[in-house]
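Please look over the sequence and the model before reading on.

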Amino acid sequence: GATIIEPEQGSSDTFASGSFSLMNEFDRQTRVEIAASRTVAPAYIGTGGAMISNVAQLYVSYGFSRVTKLTVSGGYAHNESAPVKSTTFETFKGSAVIDYNLTRTTKLSFSQDYGHSHWSGALPFDKFVTMLMVSTQWE
């Protein structure tokens, strides 16, 4: 859906917002999702006014067999304050996870996450996380 935020009196700025998503299971093994959104919310950090957020996301999973599955996902977000563009925040994120079902209730997962963030006025930073996890569901 979409929404139009009316401009302030005497202002010519109009902010459109909305979201879009699409998901398809090409076959039993492959699933793809894509999503995009643009939202407007009150800006509590930095300046008054609004914070405009633009987000895009992608998710892909593929089952190699009944016991092994690979999931890859990523996203991008760009936020900026309005009507004065004094604050911006930008983020990239990606992850890959491989799951292996040891038994019907026990799963072994190996994942790698990457994130990059940049806030206006601050140094950008990167984050890497590698994880090995064993999970069990008690029935």
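## Salt bridge R31–E33

R31 and E33 pair through their side chains in a salt bridge, with N and O 2.9 Å apart. The model is predicted.

R31 has 30% relative accessibility, so R31 counts as partly exposed. E33 has 28% and therefore also counts as partly exposed.

How many salt bridges does the count give? The count comes to 2. Side chains of opposite charge can pair when their charged atoms come close.

R104 bridges to E139, and their closest N and O atoms lie 3.1 Å apart. This pair links distant parts of the chain. R104 sits in the loop between β6 (88-101) and β7 (106-119). E139 lies in the segment after β8 (125-136), and the two residues are 35 residues apart.

Are R104 and E139 buried or exposed? R104 counts as exposed because its relative accessibility is 72%, and the cut-off for exposed is over 50%. E139 reaches 69%, so E139 counts as exposed too.

Q57 belongs to strand β4, which covers residues 50-63. Its relative accessibility is 46%, so Q57 counts as partly exposed.

Which residues does Q57 touch, leaving out those up to four places away in sequence? They are E33, I34, A35, G74 and G75. A35 is 22 residues from Q57 in sequence, yet their C-alpha atoms are 5.1 Å apart in space.

Key. Residues are numbered from 1 along each chain as its sequence is written. This is a predicted model: local features need pLDDT of at least 70, side-chain atom pairs count only at pLDDT 80 or more; totals for chains, interfaces and linings use all residues. Side-chain values use heavy atoms; hydrogens and water are left out. Helices (H or I, at least four residues) and strands (E, at least two) are DSSP runs, numbered from the N terminus. Buried means under 20% relative accessible area, exposed over 50%, partly exposed in between (1.4 Å probe, protein chains only). Contact means heavy atoms within 4.5 Å. A salt bridge is a side-chain nitrogen of Lys or Arg within 4 Å of a carboxyl oxygen of Asp or Glu.
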